[in-house]
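Dear colleague,

I am passing the structure below on to you, and after it you will find a summary of what was found.

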Amino acid sequence: MRGMTPIVKTITALLIGFIMLFGFYIILTGHLSPGGGFAGGVICAAGLLLVVLAFGADTVKERMGHNMAVLWEGLGAIGFLAVALLGFITGTFFAHFLPQDVGFSFKLFTGGSILYQNLAIGLKVGAGLFGAFLMLAAFREAERGGRGNGEGDRS
Amino acid sequence: MSETLTLLYGVMAFMLIAAIVAVETRDLLSSVLCLGALGFGLALVDLIVGAPDLALTQVVVEIFAVVLLIRTVVAREDTTKEFIRDTPHVAAMGAVIMAILLGAYICFQQLTPFGDPPMIMGASYMRAAQQAGATNLVTAVLLDFRAYDTLGEATVIFAAIMGCYALLRTSGKKEHS
Amino acid sequence: MTHTVLPFVLCVVLFIIGLYAIAVKKNLIKVIIGIIVMHNAVNMFLVLIGFRVPASGPAIAPIMTPEMGHRDEAVRALLSHSVDPVPQALVLTSIVIGLSVVALMVVMALRLHQKYGTFDLTQITRLKG
């Protein structure tokens with residue numbers, strides 16, 4: 001994909017850090033304020049989608065290819081299952097095995113294993129959606145290259 | 001409470017108009033944009049009702065879905081012929097719609113009135129929620145009391161993404177050579 | 001009766017609009033749009049079932065604040081001013097699953113367009129020969 005004008009590329013390069021930071025914030029404080037793993041993961045995926053749209057699918061495939069997206073998604077799924085199975089240490093499936101703060105004082109490490117579950121889910125959803133969109137953009141580029149007729153300059 | 005209801009009805013009317021336009025219009029790009037308006041209307045309903053968690057997720061998911069749809073719709077030819085209306089077709093569709101509306105009317109008599117749900121999240125949830133350590137009750141329900149459902153959801157998303165990978169796998173081969 | 005069931009009836013009307021799009025339209029993208037409209041209607045219905053009219057003031061989110069302490073009646077008062085948390089959690093699940101299903105449907109539509117050259121369902125399901 002050809003990517004967009006230099007204005008869009010510059011602005012994306014400046015903004016991508018803030019978007020990913022906001023996504024991580026929503027994932028991390030999921031148990032304290034609205035948000036959680038799912039919303040934060042989709043926000044991170046939307047930031048990476050902006051990068052794919054602005055710079056072109058080929059450029060992004062060199063830096064962060066399809067294999068890395070699949071790897072991160074698998075790690076997220078395994079992480080969630082690991083948190084669930086480690087609950088067997090203190091009793092049943094999914095039991096909390098870390099101490100829980102009883103005074104809900106808005107600190108980060110309250111809530112036991114909810115924080116790690118949020119992190120695993122955010123990683124999984126973000127990497128999965130980004131990988132699917134990257135494959136879609138590369139597929140479209142290959143299809144347009146194969147057909148060869150000009151369909152205008154719209155990407 | 002009445003201004004909440006007025007706002008709610010206004011946004012729902014906007015959603016209905018956006019849905020009708022999205023389904024009926026011939027241009028594919030306009031219908032996808034109206035679908036985006038429908039999603040944002042749903043996020044507004046979530047905010048009015050008092051569920052900011054859902055509004056946040058709905059906005060971001062709607063943006064992702066609209067970008068996906070726009071990229072498939074733009075710059076592709078569409079040679080669909082118009083729908084030919086003949087009488088059995090219209091009669092069958094009308095009968096189905098009447099049946100659904102009648103069934104809904106009968107069922108909704110038994111439903112609890114709007115604004116007064118009977119479920120109180122259970123006394124046991126309430127007591128346990130104070131010891132769960134998570135101040136956001138929605139996350140506590142999602143990841144502490146109902147963690148099995150979240151595991152099921154993670155599996156479904158995983159399967160859908162794997163399906164996408166499997167369908168797009170042979171994208172390198174050119175099929176027209 | 002009207003104020004107590006009118007929002008639910010509007011959800012059912014939205015559902016019917018989506019069903020009409022799936023049953024009648026011949027364009028594949030319109031069928032996908034119909035599925036998305038139905039999905040949004042069901043999500044809205046679930047959220048509106050859990051809606052509780054707040055006793056005083058505006059509706060607030062179900063997030064506990066530190067000054068509530070361990071008092072039962074404080075948590076009960078919070079829960080009587082906000083949407084019930086259990087339907088909220090289920091709808092949160094449903095929204096993200098809907099996004100993955102939309103991605104899968106779009107990929108299938110792209111593959112069909114690559115093979116047949118059109119989005120028209122009558123052309124795609126035509127028997128050859």
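Chain C comes to five helices and zero strands, where helices (H or I, at least four residues) and strands (E, at least two) are DSSP runs numbered from the N terminus, and along the sequence its pattern reads α-α-α-α-α. This is a predicted model, in which local features need pLDDT of at least 70 and side-chain atom pairs count only at pLDDT 80 or more, while totals for chains, interfaces and linings use all residues. Residues are numbered from 1 along each chain as its sequence is written, with chains lettered from A and ligands numbered from 1 in the order in which they are written.

Of the 129 residues of chain C, 41% count as buried, that is, with 20 or more other C-beta atoms, placed from the backbone, within 10 Å of their own. Among contacts in chain C (C-beta atoms, placed from the backbone, within 7 Å) between residues at least 6 apart in sequence, 56% join residues at least 24 apart.

Turning to the interface, 72 residues of chain B are in contact with 71 residues of chain C. On the side of chain B that touches chain C, H3(B) supplies the largest share, 12 residues, and the residues of that side divide into 50 nonpolar, 13 polar and nine charged, with Ala, Val, Leu, Ile, Met, Phe, Trp, Tyr, Cys and Pro counted as nonpolar, Asp, Glu, Lys and Arg as charged, and the others, Gly among them, as polar.

In chain A, the buried residues of H1(A) are A:Gly23, A:Ile26 and A:Ile27.

Best regards

How values were computed:
Buried ≥ 20, exposed ≤ 12 C-beta atoms within 10 Å, placed from the backbone. Contact = placed C-beta atoms within 7 Å.
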